[in-house]
Every structure is written in structure tokens, then in C-alpha cells.
Amino acid sequence: MKFLVALALFACLGSLALAVDNEYCQNTVITACSSSAFSGNSICNARFAGIDHIEPEVQSYINANLAKSYDYLLLATHFNSYQKNRPGFQKLYQGLSDRSFEDSIALIKQVTRRGGIVDFNTRHESAGSVSTKRGTLEVDELHSLALALDTEKQLATGATHVHSRATHAADAERDPELAHYFEENFLGKQAESVRKLSGYANDLAKLMKVPDPSLSVYLFDEYLQKQ
């Protein structure tokens, strides 16, 4: 009988201790979240792994994609004018512009999902940053392909840089989840884009090795319309 009473008393004390612990944890979380929910010292955020160190690199890549999207849009407008009248080239550059803009939106969502804040007023430059300097965009068809190829290589290099930083940094700065995100959504896609544009540039360069390349350019534009 004494044993059963002791067992019941022990169970009651255990339940009471658990309830006190739960109340203490709950109060701690409520206090932390209500005092400074968005401060760097708060535990009530979605930040973990190396996001603090890699976030500036991602911010730079977002800015680069937005800038390149605008450049591609200008190229598309240039070839859609009545003077140029190249609907195939217009379609190509409009597609690249839309893709770069959509990549920017996806990255903004990824940063905020990981507890970050995207600040477009801040410019971060690093060894792997993509240049956002804008040259002349009123170019002919072949030079526009060369310009687009250079742009895609820059974006591919920028994505590779972020992936390398997230993968090969020190333990405290490493971020496997972000590295996986870039590998799944950017590296392969950028490699394919570089391959496609390099093929276009080489094909058109060969077609233009004639005294009057206007027909070659017209036929190549027709080909681009069907892609």
C-alpha cells in the first residue's frame, strides 16, 4: 500500500514539474518574440546555418538578375521596332528578360523564407558579383547574341560563386540548404542557356560569311520564331 501511494505521489510531482517546465519555456519564447522579433539577437526567426554570411551574396545576385532582365527587355524592344523588325530575336530576348525577372522573384521568396530581408538600396560587391554596368544595347543581330552570351556567362558564374560559398565555406558559414536550392534552380539552367546562346552565335556567324548576309539573318530570325 505504501508503495502505491509513493508511486502515485512521484507521478504527480513529475507531472507538476513538467507543467512548470512547459510554462517556463512558453514564457521565454513569448518574451523573446514580443521584445525584438526581428532583431539579430532574437530566437524567433527563420535564420539558421550560414545565411548571415551568404545573404549579401544572394542579394547581389538578385540585383544582377533584375538589371539583366531590364537589359534583355531593352534588347527585345530594340528588335521589335519597325526599323529592325526581328520578331524571332524579340521573342528570344523577351523570354530571357522574363526568366531573369522570375528568378529574382523566386530568390526574394527564398531569402524571406530563410528569415532575411531584401534591401534594394544596399549594393554588395564581391569577387563573384555579377557586373551590372550597362553598355550600348542598340546592336546588330550577331553582336546582340554575343552580348547575351556574355550576360548568361556572368549569371552562371554568379550562381556558381554563391553555390561555392554555401558549400565550401567554414562550418559556421556553410549553408547546405541554400547550396541545394542554387544547384536545383540555377546551375543547370544557366549552363543550358550558355550552351544555347553560344550555338546561336556560332551558327549566325557562319551564315553571315557571305557578301550580302541579309537573307541569312532573315532566315535565322524565322528559325528563332519557331523555338
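Helices (H or I, at least four residues) and strands (E, at least two) are DSSP runs, numbered from the N terminus. This is a predicted model, in which local features need pLDDT of at least 70, side-chain atom pairs count only at pLDDT 80 or more, and totals for chains, interfaces and linings use all residues. Residues are numbered from 1 along each chain as its sequence is written, and side-chain values use heavy atoms, with hydrogens and water left out.

**View 1. The chain has 6 helices and 0 strands.** Its pattern along the sequence is α-α-α-α-α-α. Of its 227 residues, 36% count as buried (under 20% relative accessible area; exposed is over 50%, partly exposed in between; 1.4 Å probe, protein chains only).

**View 2. Gln190 sits in helix α5 (residues 176-207).** Gln190 counts as buried because its relative accessibility is 0%. Beyond neighbours within four places in sequence, its contacts (heavy atoms within 4.5 Å) include Tyr61, Asp103 and Glu152.

**View 3. Glu152 lies in helix α4 (residues 141-168).** Its relative accessibility is 0%, so Glu152 is buried too.

**View 4. An unreviewed UniProt entry annotates Glu152 and Gln190 as "binding site".** They spread over 39 residues of sequence, yet cluster in space, with a largest C-alpha distance of 6.7 Å. UniProt positions follow the numbering used here, feature names are shortened, and annotations may be inferred rather than shown by experiment.
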